[in-house]
Amino acid sequence: MPGYPDYTGPAGQTHDNAPKAGVLLVNLGTPDAPTAAAVRPYLAQFLSDRRVIDYPRLLWKAILYGVILRVRPKRSAHAYARIWTPEGSPLRVYSEALAAALQQELAANVAGPVRVALAMRYGQPDIAGSIAALQRQGVRRLLVLPLYPQYSATSTGSVFDAVADTIKGLRWPPELRQVNDYHAEPDYIAALADSVRAHWEAHGRGEKLLMSFHGIPERYVREGDPYFEQSQETARRLREALGLSEAEAPISFQSRVGRERWLQPYTDETVRAFGAQGIKRIDVVSPGFAVDCLETLEEIAMQNAEFFIEAGGDTLSYIPCLNATASHVRALSTLVRRHGQGWPEFSAGNGAHA
Ligand SMILES: C=CC1=C(C)c2cc3[nH]c(cc4nc(cc5[nH]c(cc1n2)c(C)c5CCC(=O)O)C(CCC(=O)O)=C4C)c(C)c3C=C
Ligand SMILES: [Fe+2]
Ligand SMILES: [Fe+2]
């Protein structure tokens, strides 16, 4: 219009088919290469997060930079090298495939244009960059879905911190919703149960089904973190879906780091005890991990398999995470649509958009 200044801002498209709603899937993050040089900055960012390690800063930074970052990157890089794929780190590859599949599913089943993006809490693509990219595409309503079925302040809570930090810096923040957890979501439990049954059908069945969750320090649970309770609830529901008793399908916690007591029973001790009891085959599933990663492919399927055999067992049969399977995508899609209720883009539709 003549006479008026041009106030076109950087906010992006406004035409009718622009993606007004966005889903931000967030996973932990992973190094760019299986080398000490690439693992070091990743661990530095991860282990500097107060949600993960809450020791007084000065003391902790001295230990982190003085001891841990001199030793651990090399050790972790060696572990990453055992699971690295030609496309990169499994966590990144599976997370990207999951995001792409969810994008397709939503495009076919909801009314409005919805854009799915993936971000990592540590490393790249980071949360600030992914939210900025969604905004450039016109997203004004944002649903954040951390890929952690059970809430912990150390995982989910930390994602919310990073989202809040990003939002604080935006001139025109999107409308915001966040998924706290989906530990008891029926479609997620059903997808897990289906994956266990499919594994049994293809590979036979072990004497135990161990459900191994990532651990956290016990102290965090005493201070109010619901993670232990939510993990127990997932385990109870999965047992119920499979018709198993607690003795047949026990729970354990893996990946402990440092000297504090973490949630018990520990996965490595449990697996060794099974071997020592004369049990020959166990199946292990990791319901707390949305996609396969170092902690499942290396720690469970390699390290703990070795512990089991050393203790007298024959086979630890690892059941993969849900990854980008159709039942996982369906479960996340149900979750997204429920949390998006009231936002026009998320109502049921025929997918007449890109
Ligand atoms: C030291 C404290 C840690 C806490 C607390 C913790 C909680 C936690 N972690 C996950 C999920 C994952 N963790 C992964 C790797 C990983 N975790 C820690 C430490 C803590 N995690 C470290 C140091 C590492 C890096 C690897 C190593 O050096 O051992 C991963 C895999 C990443 C990958 O690249 O594949 C995941 C996934 C959850 C869900 C959680 C709390 C519930
Ligand atoms: Fe971890
Ligand atoms: Fe580990």
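The legends below describe close-up views of a predicted model.

**View 1**
The domain assignment divides the protein into domain 1 (21–183 + 326–346) and domain 2 (186–319). Taken over C-alpha atoms, the centres of domain 1 and domain 2 are 23 Å apart. Domain 1 puts 25 residues into the contact, and domain 2 puts in 23 residues. On the side of domain 1 that touches domain 2, at least two residues come from each of helix H2 (57–83), helix H3 (90–109), helix H5 (153–168) and helix H11 (326–339). Sorted by class, this side of domain 1 holds 13 nonpolar, nine polar and three charged residues.

Strand E1 covers residues 21–27 and is mostly covered, with seven of its seven residues buried. Ala21, Val23, Leu25 and Asn27 point one way from E1. Gly22, Leu24 and Val26 point the other way, and the residues of both groups are buried. E1 runs parallel to E2, and seven bridges join the two strands. The bridge partner of alanine 21 in E3 is arginine 141.

**View 1. The four-stranded sheet E6-E5-E7-E8.**
This sheet is open, has four strands in the order E6-E5-E7-E8, and is paired in parallel. Strand E6 (251–254) and strand E8 (315–319) are the edge strands; each has a single partner strand, so one side of each has no neighbour in the sheet. From one strand to the next, the twist averages 35°. Strand E5 (residues 208–214) and E6 run parallel and are joined by four bridges. Histidine 214 lies opposite glutamine 254 in E6.

**View 2. Helix H10 across the sheet.**
Helix H10 is made of residues 294–310 and lies across E5, E6, strand E7 (281–285) and E8. The angle between H10 and E8 is about 165°.

The bond from glutamine 124 to proline 125 is cis, and its omega is near -5°. Proline 125 sits in the loop between strand E2 (114–120) and helix H4 (127–136).

Serine 255 has a phi near 65°, which is a positive value in a residue other than glycine. This serine is located in the loop between E6 and H9. Serine 255 has 18 other C-beta atoms within 10 Å; a buried residue would need 20 or more and an exposed one 12 or fewer, so serine 255 is partly exposed.

Asparagine 323 belongs to the loop between E8 and H11. Is asparagine 323 buried, exposed or partly exposed, and how many C-beta neighbours lie inside 10 Å? Asparagine 323 has 19 such neighbours and therefore counts as partly exposed.

Key:
Residues are numbered from 1 along each chain as its sequence is written. Chains are lettered from A and ligands numbered from 1 in the order in which they are written. This is a predicted model: local features need pLDDT of at least 70, side-chain atom pairs count only at pLDDT 80 or more; totals for chains, interfaces and linings use all residues. Domain bounds come from an automatic or database domain assignment. Two residues are in contact if their C-beta atoms, placed from the backbone, lie within 7 Å. Ala, Val, Leu, Ile, Met, Phe, Trp, Tyr, Cys and Pro count as nonpolar, Asp, Glu, Lys and Arg as charged, and the others, Gly among them, as polar. Two strands pair if DSSP finds at least two bridges between them. Axes are lines fitted to C-alpha atoms, for helices over the stretch in contact, and angles run from 0 to 180 degrees between N-to-C directions.
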